Amino acid sequence: MSLNAEALHSALRRMAPEPIDLIIDLVQETGSTNADLMQRMRQASSTCPVLLVAERQTAGRGRAGRQWWSEPGGALTFSLAWHFPLPASALLGLPLAVGVAIAECLQTIGVPVQLKWPNDVLKEGKKLAGILLESQPSSLLAGGATWAIIGIGLNLRIPDALEAQIGHTVADAPWLAQMDRNELMAALLQRLTQVLWTFEQAGFAALSDRWNRLHAYQQQSVNLTEAGEVKHQGLALGVDEVGRLRLQVGDDVICVHAGDVSLRPMA
Ligand code: BTN
C-alpha cells in the first residue's frame, strides 16, 4: 500500500502506547526533504514535530556534501523536524541515537542490521540506510533551543542502474519493500520518537550501550579517513557516552569525534 497521511496516522495510533503529536506531509517530488524542513522551520510558530516524506527526491543530500540517490518506490526518504529545548552543542550524539532507533526497529521487523560509526545502518556489511542530521537555532524558547532536522534514507529496492550511479554496492531489503509502507513508516517513527525523548531527557549516555550492542566492527581493525587521507588506524572499541569512537592505538585509547571522518574496516 502506498503512503498516505491518514493510514500513517492510524497505524501510529495503533502502535504507539502514547499518542504522538505530529504534523505529517507527503509529497510526490521535491529536491530534498531536509532542505525543505530547514527552510520551513525558520518560520515555525509551534514546537510540534513535522514529518515530511517524499516519494522522489531530485537533490537528496547525504553526509559530507555527498548526494543521496534513490528511486521512486525503491526507498523511504523522509525528514523529521524535532524541537529540542537544548543548544546545538548538546546534540552531538543525536545522529548516533537516531541510528540506534532505526537499527533496533529494523531488527524487530526481522532485518539483521548493524551500525557503522557514526550512524550508517549496514546489512551484510553494506549500507542499507543513511542518516543526515542538520540543525538550526529556534526562537520559540528562550535560552538555547534547537530544531533538529533528521533526514533518513532507507533502501528498499536497488536496481542495477541505480547502483551503478551510486558507484558502489549498497544493501536493499526486498522483505521491507513488500510491507505496507504506512506500517513500516509508523514502526520507524514510533521507535524514533521513543529514542528522541530518551535523548532529550538523558542525552546519548542513556543510549550508548544500545549503540555498542549494534556495532558492526567491535574489536576489529579500522582506518579513519578524512578527505581520502588516513587519520587514525586502530582497534574499534565502540562509542563513549557522548558518541565518540573509542579507538585503541598501540597502548593508548583515543576518542574521535565524528565530524567528516569516515570509517573503513581494514582489509
Ligand atoms: C548519508 O549520506 O548517509 C545520509 C543520507 C541521508 C539521506 C536522506 S533521504 C531523506 C533526507 N533528505 C535528504 O536530502 N537527505 C536525507
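Reply: Helices (H or I, at least four residues) and strands (E, at least two) are DSSP runs numbered from the N terminus. The model is predicted, so local features need pLDDT of at least 70 and side-chain atom pairs count only at pLDDT 80 or more, while totals for chains, interfaces and linings use all residues. Residues are numbered from 1 along each chain as its sequence is written, and side-chain values use heavy atoms, with hydrogens and water left out.

Gln219 deserves attention for its backbone: its phi is positive, about 65°, although Gln219 is not a glycine. Most residues other than glycine have a negative phi, and most peptide bonds are trans.

Glu124 is exposed, at a relative accessible area of 68%; exposed means over 50%, buried under 20% and partly exposed in between, using a 1.4 Å probe and protein chains only. Helix 3 itself is mostly covered, with 14 of its 16 residues buried.

Two residues give a view of the interior. Asn34, in helix 2, is buried with a relative accessible area of 4%, and its side chain makes a polar contact of 2.8 Å with that of Glu134. Such a contact is a pair of N or O atoms within 3.5 Å; within protein, one must be able to donate a hydrogen and the other to accept it, and residues adjacent in sequence count only if both atoms are side-chain atoms. Ile149, in strand 7, is buried with a relative accessible area of 0%. The C-alpha atom of Ile149 is separated by 20 Å from that of His257, and the two residues are 108 apart along the chain.

Of the 20 residues around it, Ser32, Gln57, Arg61, Arg63 and Lys127 come nearest; a residue is counted if one of its heavy atoms lies within 4 Å. The side chain of Ser32 brings an N or O atom to 2.7 Å from a ligand oxygen atom. Arg61 has a backbone N or O atom at 2.7 Å from an oxygen atom of the ligand, and a backbone N or O atom of Arg63 also lies 2.7 Å from a ligand oxygen.

Searching the whole structure gives one cavity of 30 Å³ or more, that is, a set of points on a 1 Å grid over the protein atoms alone where a 1.4 Å probe fits but cannot get out, lined by residues with an atom within 4 Å of a point. The largest cavity has a volume of about 170 Å³, the space filled by probe spheres set on points joined across faces, edges and corners. Among its 19 lining residues, Arg61, Trp68, Leu132, Gly151 and Gly153 are the closest to its centre. Helix 2 (33–40), strand 3 (75–84), strand 6 (126–138) and strand 7 (145–155) each give two or more residues to this lining, and strand 6 provides the largest share, four residues.

Key:
On a 1 Å grid over the protein atoms alone, a cavity is a set of points where a 1.4 Å probe fits but cannot get out, and a pocket is an open set with protein on both sides within 12 Å along at least five of seven lines; lining residues have an atom within 4 Å of a point.
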